[in-house]
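Visitor: Please pick one part of this model and take me through it closely. I would like the terms spelled out as you go.

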Amino acid sequence: MKDGEHATTGSSGGQGEESEVERVNRRWNEILQETRVAQTGVQILFGFLLSVAFTPLFRELGTFDRTVYVLTVVLGAAATGALIAPVSIHRFLSGQRMKDELVAAAGRLMMCGIVLLALTIGCTVLIILHVVLPSLLAEILAGVVMLWFAFCWYLLPLILRRRADKADKKDEGAR
């Protein structure tokens, strides 16, 4: 079933299609839950990144590591902004009867924030591994981590969506 086609249980207890209002409220609640998970992770990581610059080892980092660190902090700040933005937008638009637009904007910001979070984590892994391992091995392992994220966070959902679309088409053809 596609997003707007989910069956829900009505107040009478029977199965029925969810209304447009129910659908947008469900999608908003899902975004809120997803945002809570992502915000926690990005805030912990960003706090860690901010503290790194004040450690004695930081002064010993070379130009490459410092450059990656600055990029990582900027990516972390951008991810934090994107993942917290739905809360701010909701506060500004609350009561304006714009929940459809809010859900659409929040969904796009979440996807952007998740991409930025993946890049932040990848760069963080690169910095840490670059300090403790030979350069090429650190870069290969950081690349493997990024490929894993790409698979888990982007490719797998696309595969699952295609399977669901094929199943829906098969169901429609059987009718």
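Guide: What follows is a look at helix 3 (residues 99–132) and what it meets. The model is predicted, so local features need pLDDT of at least 70 and side-chain atom pairs count only at pLDDT 80 or more, while totals for chains, interfaces and linings use all residues. Residues are numbered from 1 along each chain as its sequence is written, and side-chain values use heavy atoms, without hydrogens or water. A helix here is a DSSP run of H or I with at least four residues, numbered from the N terminus.

Begin with helix 2, residues 63–93. Its axis and that of helix 3 come within 8 Å and cross at roughly 160° (axes are lines fitted to C-alpha atoms over the stretch in contact, with angles from 0 to 180 degrees between N-to-C directions). Helix 2 and helix 3 are therefore roughly antiparallel (over 145 degrees; under 35 is roughly parallel). The crossing of helix 2 and helix 3 is left-handed (near helix turned anticlockwise from the far one by less than a right angle; clockwise is right-handed). In the contact of helix 2 with helix 3, 23 residues are nonpolar, seven are polar and one is charged (Asp, Glu, Lys and Arg are charged; Ala, Val, Leu, Ile, Met, Phe, Trp, Tyr, Cys and Pro nonpolar; the others polar).

Phe64 belongs to helix 2. With a relative accessible area of 39%, Phe64 is partly exposed (20% to 50%; under 20% is buried, over 50% exposed, with a 1.4 Å probe and protein chains only). Between the C-alpha atoms of Phe64 and Leu136 there are 13 Å in space, and the two are 72 residues apart in sequence.

Helix 1 (20–52) is the next partner. The axes of helix 1 and helix 3 come within 9 Å and cross at roughly 25°, which means that helix 1 is roughly parallel to helix 3. Helix 1 passes helix 3 in a left-handed crossing. Their contact has 15 nonpolar, five polar and six charged residues.

The axes of helix 3 and helix 4 come within 8 Å and cross at roughly 160°, so helix 3 and helix 4 are roughly antiparallel. The crossing of helix 3 and helix 4 is right-handed. From Leu147 to Glu34 the C-alpha distance is 22 Å, across 113 residues of sequence.

Helix 3 also takes part in a pocket. Helix 1 and helix 3 each supply at least two lining residues of the second largest pocket (an open set of 1 Å grid points that a 1.4 Å probe fits, with protein on both sides within 12 Å along at least five of seven lines; lining residues have an atom within 4 Å of a point). About 160 Å³ of space lies in the second largest pocket (the space filled by probe spheres set on the points). The lining is made up of Phe48, Leu49, Val52, Thr55, Leu57, Phe58, Leu61, Tyr69, Ile127, Ile128 and Val131. By class, the lining has 10 nonpolar residues, one polar and no charged.

Val131, one of the lining residues, sits in helix 3. Val131 is partly exposed, with a relative accessible area of 38%.

Key
Angles under 35 degrees count as roughly parallel, over 145 as roughly antiparallel, 65 to 115 as roughly perpendicular and the rest as oblique.
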